[in-house]
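This report describes selected features of one protein chain. Please keep the sequence and the structure in view while reading.

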Amino acid sequence: MRADHRVCLLLLSSGLLLASCGGGNGNPVPVEPEPQSRPTPTEQLALKTFRADCSDFLDYAADALTEQFLTPFYCAALVDGPCPVFAAEGAPPPGMPAPTPVPTPAATAPPGAGAPGVDGENSGDPDRGSGTNTQEQGVDEADIVKADAAGNLYVLANNKLSIVDAYPPQDLAQAATATLDFGTVENGTFYARDFFLDEAAGRAVVLGGTYGFDGSSSVARTLALIVDVSDPQDPVILEQLGVDGSPLVARRIGARVHRVSRYDVIAPAWFYDDGELAQLRDEYYDARSRNDEAAVARITSEVRAEIGDRVRASGADVFLPRVHRADGGSAADVLACDSVAHPDVATALGLMVVDSFDTDGGDHAVSAVINNAFTVYASPANLYMVQSSWGWFFAPDQSEETAIYRLALPESGAAAYQAIGKVDGTVSDSYRLSEFDGHLRVASTEFRFDDDTQRSRPYNHITVLDAEAPGTMAKTGEIRDLAPNETIRGSRFVGPRGFVVTFEQIDPLFALDLSDPAAPRVADELKIPGFSSYLMPLGDDYLLTIGRDGTDDGLTGKVAVQLFDVADLGNISQIAVLAPDSGESGSYSVAEYDPHAFTYFSDTAEAAVPGTLSIPLQAYAERWDDSFSGFLVLRVDPAGGTPLSELGRVDHSGLVSAPDDCQPPPGSAPQPTAAPGAAPACEYWYGNRADPLRSVFLEDAFGRALYTVSRAGVIASDAQQPSTVYGSRVLP
């Protein structure tokens with residue numbers, strides 16, 4: 001593996017320069033593998049738990065810091081000298097999470113207009129609504145927009161949680177709204193990322209982090225705020241739960257939240273500025289340049305001994321994260337060494353921390369693994385950490401492979417390591433994995449060096465692992481070298497079936513028969529222009545996707561929604577494609593990479609089709625003021641005359657206005673008129689960028705309403721005729 005890709009891993013682990021280390025779809029930069037690359041034995045990657053007295057943890061820390069100190073490429077691109085393993089710097093992680101699924105028949109009256117309640121009055125509550133679009137049934141995902149059964153809309157934006165009494169929709173403009181402002185807590189400003197809503201318990205769990213300074217070092221802390229929403233118009237923060245580190249991902253199973261964060265060890269000051277160690281490092285580099293192996297070994301031993309002495313003198317507390325309990329963080333306990341597992345390979349000294357707690361803040365339990373697993377997947381029973389071989393990157397001849405660690409998620413207590421599996425290549429996101437019927441299916445991409453072309457080429461694999469085996473998840477079957485020279489752009493596993501989209505210029509959609517874990521096979525392949533990046537199954541018969549439109553000559557720059565008939569896995573077909581008109585400069589949807597923004601709602605709870613799809617849409621025209629920033633609403637009816645049809649659009653640009661001192665771009669129209677109470681923001685107004693994010697559908701016996709949410713505000717409209725607006729409002 002080349003040195004510059006090892007540096008990229010460092011940048012990823014420190015939260016810096018992410019865009020320079022991979023493609024826009026989360027795919028890694030193609031690696032030029034060494035011709036003599038070799039895999040790491042699985043037994044070395046398997047996890048062991050440190051002893052309670054921390055003696056072996058201190059030895060491991062000394063080994064890791066020694067490797068880091070003597071690795072010349074480790075910080076070559078950043079500073080002159082060895083590179084620290086950072087905690088994240090002051091800026092919070094970008095972006096926010098995701099929401100829900102959606103419906104659509106004709107409405108004879110506005111929703112909520114006449115549904116009978118007590119004494120014949122309108123009950124004010126919807127009969128059914130959409131929820132957060134999740135990967136696995138039974139595993140809730142944190143999001144920035146959720147709705148409850150009473151028709152309250154919960155929106156997390158601008159570091160505030162706003163709760164709007166949104167039903168019936170025609171009262172939205174005057175609806176009661178409660179806003180909880182997250183400001184400074186504990187050790188710095190709290191940056192809210194997303195939240196869970198446990199409606200049965202009357203609790204919201206708001207997730208995020210704080211970023212501050214402790215002396216000269218930056219300090220990141222992952223926090224969960226337990227909020228009482230039993231009265232939606234009077235939310236109250238009850239407790240805070242925290243661990244040192246930066247938040248990554250969280251899942252909720254029943255009333256229990258499992259949150260994964262990243263803690264990067266900040267090495268002591270002597271690691272950077274000690275003259276004696278610096279002299280030894282210079283001698284080490286000199287010996288390396290002279291190929292004096294005896295001197296290299298001797299100096300390495302001296303450095304290891306010196307660093308080991310200093311690590312032991314510092315004590316384990318210097319290198320371990322602290323757990324901040326439910327009293328607001330005044331008491332903090334160092335994570336116990338016997339709560340930390342580790343492999344027997346050198347790696348950057350950082351921990352993936354899993355803290356589990358009930359939605360009321362009770363039973364807070366924490367465990368951790370030393371690794372660099374930035375991809376996490378959860379089933380209802382297990383959490384999987386996906387560790388690329390770039391994470392144990394001190395071996396210069398390491399081949400490209402991925403270790404997958406299975407941790408059991410008990411109903412109480414901490415996540416516990418169970419087993420390891422290994423696949424060739426790299427696994428780039430959670431949708432590349434799926435657990436079903438005791439097996440884990442994994443889609444990976446491996447770059448292999450081609451002697452003829454002297455370049456690396458991508459090869460894709462589907463590997464099936466035994467997800468019930470203790471110790472080692474053995475490989476039970478695989479499909480090798482799927483679509484050479486193409487990379488995976490989208491994948492989805494559904495029960496005994498799977499679907500994978502690869503792309504170079506033409507988009508092959510592969511249908512996989514996974515019913516026999518020992519003999520997975522490609523059942524059919526369909527080639528069409530463009531590609532799909534998110535795939536949603538609609539029952540057993542259909543597949544709905546979003547991605548990029550294309551022709552035989554290449555991509556067109558437009559969003560494309562496609563519908564496939566997959567009832568017969570051996571004879572799949574495209575039955576509709578819709579690339580909405582998007583002006584001269586093309587279009588884009590956040591739903592292409594964020595599944596939470598893909599909101600599909602079936603007409604009935606019993607059948608997957610027909611239904612309605614709402615997705616955010618940014619369409620760019622040559623004149624900025626002709627651009628569109630809002631939502632595209634589609635009818636999905638495979639049995640109808642038009643399987644995919646556009647019902648209309650909801651424009652959010654009117655919720656945004658320009659401040660007085662903001663100059664419009666040349667050739668643009670006069671400044672748009674903002675909705676009452678709009679907070680002007682020049683960057684939003686420039687190009688009418690309202691930043692559309694999420695959709696929610698609520699219905700009763702009289703009709704179905706669509707609520708579309710952008711950073712600018714909320715608009716309620718008729719789901720059947722989206723141009724019919726019931727009401728709108730700008731949120732704080």
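## Terms and basis of the model

A residue is called buried when its relative accessible area is under 20%, exposed when this area is over 50%, and partly exposed in between, with a 1.4 Å probe and protein chains only. Accessible areas come from the Shrake-Rupley method with a 1.4 Å probe, and for residues only the protein chains shown count as cover. Helices (H or I, at least four residues) and strands (E, at least two) are DSSP runs, numbered from the N terminus.

The model is predicted: local features need pLDDT of at least 70 and side-chain atom pairs count only at pLDDT 80 or more, whereas totals for chains, interfaces and linings use all residues. Residues are numbered from 1 along each chain as its sequence is written, and side-chain values use heavy atoms, with hydrogens and water left out.

## The disulfide

A disulfide is a pair of cysteine sulfur atoms within 2.5 Å. The structure holds one disulfide. Its partners are Cys54 and Cys337, whose sulfur atoms are 2.0 Å apart. The link of Cys54 and Cys337 is right-handed, with 105° about the S-S bond. It connects distant parts of the chain, 283 residues apart: Cys54 belongs to the loop between strand S1 (48-49) and H3, and Cys337 to the loop between strand S16 (332-334) and strand S17 (340-342).

Are the two cysteines buried or exposed? Cys54 counts as buried because its relative accessibility is 14%. Cys337 also counts as buried, at 2% relative accessibility.

## Salt bridges

Side chains of opposite charge can pair when their charged atoms come close. A salt bridge is a side-chain nitrogen of Lys or Arg within 4 Å of a carboxyl oxygen of Asp or Glu. By this rule, the structure has 39 salt bridges. One of them joins the side chains of Arg694 and Asp143, at 3.1 Å from N to O. This pair links distant parts of the chain, 551 residues apart: Arg694 is in strand S42 (residues 692-700), and Asp143 is in the loop between strand S3 (140-141) and strand S4 (145-147). Both Arg694 and Asp143 are buried.

Another salt bridge joins Glu525 and Lys527, with 3.8 Å from N to O. Glu525 is partly exposed, at 35% relative accessibility, whereas Lys527 is exposed, at 56%. Elsewhere, salt bridges that share partners join Asp424, Glu446, Arg448, Lys475, Glu478, Arg480 and Asp481 into one network. Arg480 and Glu478 form a salt bridge in which the closest N and O atoms are 3.7 Å apart. Arg480 is partly exposed, with a relative accessible area of 35%, and Glu478 is partly exposed as well, with 30%.

## Backbone features

Most residues other than glycine have a negative phi, and most peptide bonds are trans. Which phi does Asp481 have? Although Asp481 is not a glycine, its phi is positive, about 55°. Asp481 is part of strand S28 (residues 475-482) and is partly exposed, at 29% relative accessibility. Ala483, also not a glycine, has a positive phi of about 50°. Ala483 sits in the loop between S28 and strand S29 (487-494). Because its relative accessible area is 14%, Ala483 is buried.

Tyr167 and Pro168 are joined by a cis peptide bond, with omega about 5°. Pro168 is in the loop between strand S6 (160-165) and strand S7 (177-181). Val609 and Pro610 are likewise joined by a cis peptide bond, with omega about -5°. Pro610 is placed in the loop between strand S38 (599-602) and strand S39 (611-619), and Val609 is found in the loop between S38 and S39. Val609 is partly exposed, with a relative accessible area of 22%. From C-alpha to C-alpha, Val609 and Asp637 are 6.4 Å apart in space, and they are 28 residues apart in sequence.

## A negative surface patch

Asp125, Asp127, Asp165 and Asp171 form a negative surface patch. Patches consist of residues with over 30% relative accessible area and no salt bridge, with like charges joined within 9 Å and nonpolar side chains (Val, Leu, Ile, Met, Phe, Trp, Tyr) within 5 Å. Asp125 is located in the loop between helix H3 (55-70) and strand S2 (128-129). Asp125 is partly exposed, at a relative accessible area of 35%.

Notes: Lys and Arg count as positive and Asp and Glu as negative; His and the chain ends are not counted. The place of a charge is taken as NZ of Lys, CZ of Arg, CG of Asp or CD of Glu.
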